[in-house]
Amino acid sequence: MRKVVMVAGGVNKWGRRAANFRQLAAEAAKACFDSNPNIDHKEIDGFILATTYAERTGVQVHPAPFIAQIIGLQPKKLYMRVENQCGSGTTAIRTAWWAIASGYVDMVMCLGVEKLMIPVHEEIFLNAASAMDHDWEGCFGLTPPAAFAMAAQAHMRKFGTTEEQMAMVSVKNHRHAMKTPYAHHYERYKKHGPVTLETALKSRMIAYPLKLFDCSTNTDGAAACILASEEKAKELTDKPVYLIGTSQVCLHGSWQKATYEWWEWPALRLAARQAYEMAGIKPEDVDVAEIHDCFTISEIIEYEELGWCEKGQGGKFIEEGLSDYGGKVVVNPRGGLIACGHPFAATGIAQAYEIFLQLRGEAGERQVKDAKIGLNHNLSGLGEHHIIIYKRGFD
Amino acid sequence: MGEEKAEKRPYYFVLDLYPQEHKEETRIWEFYENLKQGRFTTLKCKKCGHILWPPEVICPECTSDELEWIDMPPRGKIYAFTVQVGAVPLGFKPPLIQAIVDFPNGVRVIGPIADASPEEVKVGDEVEVKVIEIPPDAHGDRVLFCFKKVK
């Protein structure tokens, strides 16, 4: 198996964009190409498009070849579209990894794009419901906020986790995003300043205990990255970032198949163990992490299942500042899904790109000092988790 | 009445948030037929005894397709619930009380709670199934289940 290196990345401006999904994709591709002038895009022989709602907001079935064409790629070895809802981006990177590691292809671009903002607000949530189990969950109008709200209540009941602690995750991630110009809420901070605990706690209820500021933001956005074999990467960069561990676990798709206690996420615990084992590291070795804060409670439970604190101590972990700069592990330095927004399939790739910048020491104001190992996590439901671990390949 | 409505209104698959329930559309049509008779049922594997939820056409435990319909226990208990006032899809009116209900046969079912205000619901409450009508599809009338509190 060949070693695989990330050699380029880029993100476009996220928000309610006056652009369609093709144009969003092209913007991210250009940012990615521009990030590494050593790459001739005509040499890229693999292309993986991650997108969830191409059919619903594109409206485009079979989107991969059209996006490849728009950005000037003519892949000669592989091209495909992948979709695992919120884990689509991570899935694309993992898929590219295997294709390169096997020796089949030398350079692959992964591009995640999502057009979520459409004129009728309720249609956005029709799309959200469509990713739940259609016949047994979506048919009740159930969308992710209500589902995660029930997980939050289970955690509160079992461990005494509070709404304040959840709000602290939102405050932290919004504070981080004040240094992320592409974030959905970036302009808001210029006008209204940082999001305070009071603002978060007083925001309108979505599904108890989750309020507006506990939820990630629907947004339009795209992100791209390029992976290459170690040998090819030597021609392209002197600051390689290696992919050293990954895992993907799917115990169930439907929420009601989670017949265990909802304050524990066994699929994530298993995914974490597998990824750490493959990377040959321990949880405490992670310097910087981009994890799936689709809701504040998710980030709290993830601290626990990723092994950064004891089970049930996630609330305390945020309260004591251990997931912030100067703590044990800097979590979501770009501002997470809550503050950057969550264009589903673009999220995993934007997170990976943030880890790439952090490990190369190129994250500017957001830089985590001397970050050597970074972890990226996505989930697509209680039973579906995706992890990739990256390591700086130079000193 | 239902067939008449179905004939007049064109049916678009992509806009339908509800399951297709009829014999012409699904192999588990009996679930909905039973529901119309007021029976909340599911499938049990004849080979390994596993109780399926949701009902599908093969047993996920042993892959057998020899399955039989059984009645679900009459009552379940609320494991957790929430009141969904935001993020409500087209075609639904808030507030929706969404609940996770555990049945004594080990089956966990998600569904909304009807005929109750949010203040009347609490974790541990006993609920039973209530059958509601939903818009017809190309093949006629449809029903769905939800839960109501046991008085």
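Is B:Arg142 buried or exposed, and what is its relative accessible area? B:Arg142 is buried, with a relative accessible area of 3%. The views below come from a predicted model.

**Figure 1. B:Arg142 and B:Asp16 meet in a salt bridge.** The N to O distance is 2.9 Å. The pair links distant parts of the chain, 126 residues apart. B:Arg142 belongs to strand 7 (residues 140-149) of chain B. B:Asp16 sits in the loop between helix 1 (2-8) and helix 2 (29-36) of chain B. B:Asp16 counts as buried because its relative accessibility is 10%, and buried means under 20%. B:Arg142, at 3%, is buried too.

**Figure 2. B:Lys130 pairs with B:Asp115 in a salt bridge.** The closest N and O atoms are 2.9 Å apart. B:Lys130 lies in strand 6 (residues 126-137) of chain B. B:Asp115 lies in the loop between strand 5 (108-112) and strand 6, so the pair ties together parts that are 15 residues apart in sequence. B:Lys130 is partly exposed, at 23% relative accessibility. B:Asp115 is exposed, at 55%.

**Figure 3. A:Glu235 and A:Lys232 form a salt bridge within helix 10 of chain A.** Their closest N and O atoms are 3.1 Å apart. Helix 10 covers residues 230-236. A:Glu235 counts as exposed, with 55% relative accessibility. A:Lys232 counts as buried, with 14%.

**Figure 4. Chain B meets chain A across an interface with 0 salt bridges.** Here 38 residues of chain B are in contact with 36 residues of chain A. The area buried between the two chains is about 3,100 Å². Carbon and sulfur atoms give 65% of that area. Over all chains, the structure holds 32 salt bridges.

Figure 5. Along the sequence, the pattern is α-α-β-β-β-β-β-β-β. The C-alpha trace spans about 45 × 40 × 25 Å along its principal axes. Buried residues make up 47% of the 151 residues. The accessible surface of chain B comes to about 8,000 Å². Carbon and sulfur atoms account for 50% of this surface. Chain B carries 20 positive and 25 negative side chains. The centres of these two sets lie 4 Å apart.

Notes. Residues numbered from 1 in each chain as written. Chains lettered and ligands numbered in written order. Predicted model: local features only at pLDDT ≥ 70, side-chain atom pairs only at ≥ 80, totals over all residues. Heavy atoms only, no water. Helix = DSSP H or I, 4+ residues; strand = E, 2+ residues; numbered from the N terminus. Buried < 20%, exposed > 50% of the residue type's maximum accessible area, 1.4 Å probe, protein only. Areas by Shrake-Rupley, 256 points an atom, 1.4 Å probe, with all protein chains shown as cover. Lys, Arg positive; Asp, Glu negative; His and termini not counted. Charge placed at Lys NZ, Arg CZ, Asp CG, Glu CD. Contact = heavy atoms within 4.5 Å. Buried area = accessible area lost by both parts, 1.4 Å probe. Salt bridge = Lys/Arg side-chain N within 4 Å of Asp/Glu carboxyl O.
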